[in-house]
Amino acid sequence: MKEPDNTERDDGELAKRARQLFDESVQELDAETLSRLNRSRQRALAHAKGSGAQAAWLRWTPVAAAAVAAAAVVIVLNPGNGVDELPRTTASDLELLLAEEELEMLEDLEFYRWMALEETAEATGQDDHVG
Amino acid sequence: MSAFAASFAVSSAHNSYTGAAALQREQELNRFLQDVEKRALRIAEVSVRDRDEALDIVQEAMIKLARKYAMRAVDEWTPLFYRILQNGVRDWHRRRALRNRVMAWFGTPGGDDDDCDPVAAAADPAGRTPDEQLQQREAMKTLERALAALPLRQREAFMLRNFEGLDVAGTALAMGCSTGSVKTHYSRAVHSLRESLGEHWQ
């Protein structure tokens with residue numbers, strides 16, 4: 001039972017050494033790169049301001065929501081209309097958020113083909129290691 | 001669902017901020033991006049082996065986070081940001097694979113960038129001898145080559161868990177897979193790295 005302990009310790013040491021080297025490489029980033037990162041961040045913040053302005057119109061959403069709710073009440077009270085999927089949980093919100101990123105990938109089937117090849121290669125590699 | 005994912009979901013309602021609150025939110029976003037940008041760049045750079053490309057990917061991830069998710073709870077930003085970043089990296093690999101295929105069709109070399117040196121332009125850090133610096137850089141280059149040889153998802157799991165320090169749940173959200181998959185990918189990555197790097201590397 002000693003060998004697994006050694007392996008685990010080696011894995012821990014490897015991870016620690018890798019982390020240390022990575023941290024050092026982060027610290028060694030040159031001034032030009034840091035400057036470019038700073039400019040990228042400023043651009044991103046400008047977009048956030050843009051979305052803030054966009055959010056301003058969202059202040060009208062309570063009014064719109066009230067109108068939609070009123071319409072929904074009319075629809076629900078109207079017999080024969082099976083509106084039973086109106087509530088949206090926060091859990092589905094999470095799924096929606098994550099799905100939003102996935103949708104972009106779905107746009108390109110070529111990407112999925114490539115991912116499938118990756119998975120196959122990975123599975124093959126694993127078979128080689130398990131022994 | 002994990003506790004992390006549950007808290008993520010509970011606080012996922014969209015908020016809008018105005019005035020002082022908007023300014024505070026912008027400052028928080030600035031601090032977050034400032035805190036994450038250097039590590040994100042290196043993680044992207046290890047994946048694509050090109051600093052300029054990595055800078056573009058990080059910039060796109062920053063802009064996307066700011067544009068679409070700035071109103072989200074602050075503790076959601078890290079997994080969201082890395083999710084966007086990983087998608088950017090995957091998209092880059094897809095484009096490159098397509099480009100190589102097109103170039104091969106026309107009978108020209110695909111322009112493999114594996115010979116680029118992402119740390120060669122790094123400035124000298126203080127407090128170490130040139131020999132020590134050289135050894136560290138060589139070790140990092142060796143590690144980068146080993147990481148580049150890993151399957152994509154193993155590399156992602158290793159870098160997000162080890163380099164960025166995300167927990168299993170956060171890594172799962174960033175990678176868009178289950179926590180079980182993260183553990184498997186990470187374990188395989190460490191195993192493969194140990195095999196390829198050998199004892200002398202450590």
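Is B:Ala44 buried or exposed? B:Ala44 is buried, because 25 other C-beta atoms lie within 10 Å. A quick word on the terms. A residue is buried if 20 or more other C-beta atoms lie within 10 Å of its own, exposed if 12 or fewer, and partly exposed in between, with C-beta atoms placed from the backbone.

Some ground rules before we go on. This is a predicted model, where local features need pLDDT of at least 70, side-chain atom pairs count only at pLDDT 80 or more, and totals for chains, interfaces and linings use all residues. Residues are numbered from 1 along each chain as its sequence is written, and chains are lettered from A and ligands numbered from 1 in the order in which they are written.

Now the two chains. Chain A has 5 helices and 0 strands. Helices (H or I, at least four residues) and strands (E, at least two) are DSSP runs, numbered from the N terminus. In order, chain A reads α-α-α-α-α. Of its 131 residues, 13% are buried.

Chain B has 8 helices and 0 strands. Its pattern along the sequence is α-α-α-α-α-α-α-α. Of the 202 residues in chain B, 39% are buried. Next, contacts. Two residues are in contact if their C-beta atoms, placed from the backbone, lie within 7 Å. Take the contacts in chain B between residues at least 6 apart in sequence: 64% of them join residues at least 24 apart.

Back to B:Ala44. It sits in helix α2 of chain B. Leave aside neighbours within four places in sequence, and B:Ala44 is in contact with B:Ala54, B:Ile57, B:Val58, B:Leu85 and B:Val89.

Which residues have the most contacts inside the largest nonpolar core? They are B:Ala44, B:Val58, B:Ala61, B:Leu65, B:Phe81 and B:Leu85, in a core of 53 residues. A nonpolar core is a set of buried Ala, Val, Leu, Ile, Met, Phe, Trp, Tyr and Cys residues joined through C-beta atoms within 7 Å. This core takes at least three residues from each of domain 1 (16-111) and domain 2 (128-202) of chain B. Those domain bounds come from an automatic or database domain assignment. For B:Phe81, the contacts beyond four places in sequence are B:Val36, B:Ala61 and B:Leu65. As background, nonpolar side chains tend to be buried together in soluble globular proteins.

Now look at two helices in chain B. Helix α2 (residues 19-48) packs on helix α3 (residues 51-69) at an angle of about 145°, and the axes are 8 Å apart. Axes are lines fitted to C-alpha atoms, for helices over the stretch in contact, and angles run from 0 to 180 degrees between N-to-C directions. Which residues make this contact? From α2(B), they include B:Leu33, B:Ala40 and B:Ala44. From α3(B), they include B:Leu55, B:Val58 and B:Ala61. By class, the contact has 13 nonpolar, no polar and 4 charged residues. Ala, Val, Leu, Ile, Met, Phe, Trp, Tyr, Cys and Pro count as nonpolar, Asp, Glu, Lys and Arg as charged, and the others, Gly among them, as polar.

Next, three arginines. B:Arg42 lies in helix α2 of chain B. It is buried, because 27 other C-beta atoms lie within 10 Å. It also reaches the other chain: not counting residues up to four places away in sequence, B:Arg42 touches A:Phe22, A:Ser25 and A:Val26.

B:Arg49 is in the loop between α2 and α3 of chain B. It has 20 C-beta neighbours inside 10 Å, so it counts as buried. Its phi is near 60°, a positive value in a residue other than glycine. Most residues other than glycine have a negative phi.

B:Arg72 is in the loop between α3 and α4 (77-105) of chain B. With 18 C-beta neighbours inside 10 Å, B:Arg72 counts as partly exposed. B:Arg72 and B:Arg25 are 47 residues apart in sequence and 9.9 Å apart in space, C-alpha to C-alpha.

Last stop: helix α7 (residues 168-175) of chain B. Of its 8 residues, 6 are buried, so the helix is largely enclosed by the rest of the structure. Those buried residues are B:Gly170, B:Thr171, B:Ala172, B:Leu173, B:Ala174 and B:Met175. Just after α7(B), B:Gly176 takes a positive phi of about 75°.
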